[in-house]
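Keep the atoms in view as you read.

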Amino acid sequence: MPARSVIIDCDPGTDDALALLLAFGSPELDIRAITVAGGNVGLERTLQNALSLAALASSAAPVHGGADRPLLGTYGFAPEVHGDDGLGGIALPAGGVPNPALAADAIRDILRKAAEPVTLVGIGPVTNIALALITEPPLAAKIAEIVLMAGSWGEGNTTPSAEFNVWNDPEAFAVLLACDRPLVLAPLELTAHALVTDARIAALRARGGGACLRTACDILDSVPRSRRFGGLGFALHDPCTIAWLLRPELFTTRACPVLVDLVPGPNRGRTIIDRWDRSGLAPNAAVLETLDADGFFALLGDRLAALP
Ligand code: BDR
Ligand code: CA
C-alpha cells in the first residue's frame, strides 16, 4: 500500500505534540506539510513547538506558519492545560526555520499539484484550512477526507456549550462543514475514551524507546488531571485523528447531520450533532463514537517507541 498523503493542521499544544509524534512514527502516512495556527498558545509558540517536534523526530516534513487569529476576532488560549509555552514547560531541541510559504498557500499548492486526493487532518482551530478553501473552492475536489478533532454532542470543554477548537474559529469550522467532502469528527465524547492515567504513562515509559518517547511521557506528565474525570486523568484528544487514519477498526462511527452555532452568545461554537436523525437533515459527517482504548494506547506505544 502506498503511504497516504496528509497535511496536518495544528496548534501545538500538548496533545497536538503526541499526535505529531504518532504521525512521524507511522510509515503509512506521507506528511506533505505541517501547517500551524495559534490556538492553545500564540502562533509564535505553536510554530516554534511544531518545528521543535519535527527536529526531535528527525522529520523532514515542511512546517508552515499560518493564522495568528481566527476569521473573526482573536483566539482564546489555554495555558492552564498546555502551560505558557504550549508544551507543559518540557524542554525540546531548537527547531529549524519554517518554510517561507504561509499555511493556506501551502495547502492550496499541495492540493493543486496533487495527482491523488490528499487527506487533511485538523487538530486546532481550522482557520488555515478554511482560508485555503474559501480562496480557491474548486480545490475541495482534491481532498480525500477531512479528519478533525472538533465539537461535542453534549457539553463543551471551553464554554458549557463549545469545544475549544470550534469555539476558537466557528466560522472556519462552518466552511469545512459546507465543503461537501467526506468529513470525520472526533468529538469530546470520543476522545474521552483516550483517557491518560498515571498507569498508562508508566506503561508507555516502560517501552524504553528514545528521546521522542521520553519527551512524550514528560509532556503527558505535565498535563493537569481533569475534573471531568474525577482527577484520574485527562483525554488525549488530538492523536485520535491520526489513530483513525492508521487503525479505523479501533473505532465505531455514525453518519450524522452536524451544524455549528455561529450566533454571538452562550452557544457560539456549539456543534449540533444529530445522532438520532431528529432533524431530518442529510448526514454531512462521520462522527467517531467509541474507541478501543487499550488498542489505541498500544498503537501509540508501538509508534513512539520506534522513533529516535
Ligand atoms: C482541543 O483543544 C485543544 O486544547 C487541544 O489541543 C485539542 O485540539 C480539545 O478540545
Ligand atoms: Ca490541538
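Start with aspartate 238, which is buried at a relative accessible area of 2%. Buried means under 20% relative accessible area, with a 1.4 Å probe and protein chains only. Isoleucine 123 also counts as buried, at 1%.

This is a predicted model: local features need pLDDT of at least 70, side-chain atom pairs count only at pLDDT 80 or more, and totals for chains, interfaces and linings use all residues. Residues are numbered from 1 along each chain as its sequence is written, chains are lettered from A and ligands numbered from 1 in the order written, and side-chain values use heavy atoms, without hydrogens and water.

Isoleucine 123 sits in the loop between strand 4 (118-122) and helix 5 (127-135), and aspartate 238 in the loop between strand 8 (234-235) and helix 11 (239-246), so the pair ties together parts 115 residues apart in sequence. Helices (H or I) are DSSP runs of at least four residues, strands (E) of at least two.

Now turn to ligand 1. An oxygen atom of ligand 1 lies 3.0 Å from a polar backbone atom of isoleucine 123. Taken alone, ligand 1 exposes 280 Å², and the protein buries 96% of that. These areas come from the Shrake-Rupley method with a 1.4 Å probe.

Key: Buried means under 20% relative accessible area, exposed over 50%, partly exposed in between (1.4 Å probe, protein chains only). A polar contact is a pair of N or O atoms within 3.5 Å; within protein, one must be able to donate a hydrogen and the other to accept it, and residues adjacent in sequence count only if both atoms are side-chain atoms.
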